[in-house]
Amino acid sequence: MQLAPFHLAIPVTDLRLAEGFYGGLLDCEKGRYCEQWIDWNFFGHQLVTHVVNTMPSLPSHNQVDNHAVPVPHFGVVLPWKDWQQLAQTLEGNAIDFVIEPQIRFKGQTGEQATMFFQDPSGNALEFKAFKNLDQLFAS
């Protein structure tokens with residue numbers, strides 16, 4: 001089955017900072033834009049950053065593996081090597097991780113790499129990679 005791209009629109013308080021983060025740091029291609037929003041090619045998906053005067057409430061947190069996982073959050077599942085490269089890029093740019101890059105379920109079904117961080121407006125992102133992508137939905 002070929003995956004269809006998702007569309008997600010998120011609030012940001014500063015399009016210039018969003019452009020530096022999504023277009024610069026994450027290397028997402030910029031699409032259509034105006035003074036109120038920017039379309040991004042977010043790893044093959046359509047992400048739109050819409051400027052707002054104030055951000056909605058900050059994320060809440062759920063406990064997962066003794067970590068406070070921000071809810072809501074979004075992100076993508078990358079190939080393992082791409083995830084490692086992104087983690088190195090983020091670490092090299094002194095990103096303040098919500099949850100540091102780590103491996104979950106090591107040696108088990110569903111072994112995955114994960115990391116959480118926020119964009120300049122406080123939107124929480126999670127990037128993952130699976131040792132075996134066929135186990136994406138394994139229980």
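This is a predicted model: local features need pLDDT of at least 70, side-chain atom pairs count only at pLDDT 80 or more; totals for chains, interfaces and linings use all residues.
Both Phe 117 and Phe 127 are buried.

**Aromatic pairs**

Phe 117 and Phe 127 form a stacked pair, with 5.5 Å from centre to centre and 10 degrees between the planes. Phe 117 belongs to strand β9, whereas Phe 127 belongs to strand β10 (residues 124-130), so this pair ties together parts that are 10 residues apart in sequence.

Phe 117 has another ring partner, Phe 97. Here the planes stand at 90 degrees and the centres are 6.2 Å apart, so the pair of Phe 97 and Phe 117 is edge-to-face. Phe 97 sits in the loop between α2 (80-92) and β8 (99-104), and Phe 117 in strand β9 (residues 112-118), so the contact ties together parts 20 residues apart in sequence. Phe 97 is buried, as is Phe 117.

| Ring pair | Centre to centre | Angle between planes | Class |
|---|---|---|---|
| Phe 97 and Phe 117 | 6.2 Å | 90 degrees | edge-to-face |
| Phe 117 and Phe 127 | 5.5 Å | 10 degrees | stacked |

Across the whole structure, the search finds 10 aromatic pairs. Ring pairs link a cluster made up of Phe 21, Tyr 22, Trp 40, Phe 42, Phe 43, Phe 74, Phe 97, Phe 117 and Phe 127.

**Charges over rings**

Two lysines call for a look at ring faces. The charged end of Lys 30 sits over the ring of Tyr 33, 3.9 Å from the ring centre. Lys 131 lies over the face of Trp 80, and its distance from the ring centre is 4.6 Å.

**The sheet and its helix**

Strands β7, β10, β9 and β8 make an open sheet of 4 strands, in the order β7-β10-β9-β8. The pairing is mixed. β7 (74-77) and β8 are the edge strands, each pairing on one side only. From one strand to the next, the twist averages 15 degrees.

Strands of a sheet pair through backbone hydrogen bonds, parallel or antiparallel. Between β8 and β9 the sense is antiparallel, over 4 bridges. Ile 103 has Ala 113 in β9 as its bridge partner. Helix α2 packs on the sheet and touches β8, β9 and β10. The direction of α2 makes about 35 degrees with that of β9.

Asp 39 lies in strand β3 (residues 37-42). Is Asp 39 buried or exposed? Its relative accessibility is 7%, so Asp 39 counts as buried. Leaving out residues up to four places away in sequence, Asp 39 touches Glu 29, Lys 30, Gly 31, Arg 32, Gln 46, Leu 47 and Val 48. Lys 30 in that list is also the residue whose charged end sits over the ring of Tyr 33.

**Backbone exceptions**

Most residues other than glycine have a negative phi, and most peptide bonds are trans. Several places in this chain depart from that.

Val 71 and Pro 72 are joined by a cis peptide bond, with omega about 5 degrees. Pro 72 is in the loop between β6 (67-71) and β7.

Asp 65 has a positive phi, near 50 degrees. Its place is the loop between β5 (60-64) and β6. With a relative accessibility of 43%, Asp 65 counts as partly exposed.

Ala 94 also has a positive phi, near 55 degrees. Ala 94 lies in the loop between α2 and β8. Its relative accessible area is 65%, so Ala 94 is exposed.

Conventions. Residues are numbered from 1 along each chain as its sequence is written. Side-chain values use heavy atoms; hydrogens and water are left out. Rings of Phe, Tyr and Trp (its six-membered ring) pair if their centres lie within 6.5 Å; planes under 30 degrees apart count as stacked, over 60 as edge-to-face and the rest as tilted. Helices (H or I, at least four residues) and strands (E, at least two) are DSSP runs, numbered from the N terminus. Buried means under 20% relative accessible area, exposed over 50%, partly exposed in between (1.4 Å probe, protein chains only). A charge sits over a ring if NZ of Lys or CZ of Arg is within 6 Å of the ring centre and within 35 degrees of the ring normal. Two strands pair if DSSP finds at least two bridges between them. Axes are lines fitted to C-alpha atoms, for helices over the stretch in contact, and angles run from 0 to 180 degrees between N-to-C directions. Contact means heavy atoms within 4.5 Å.
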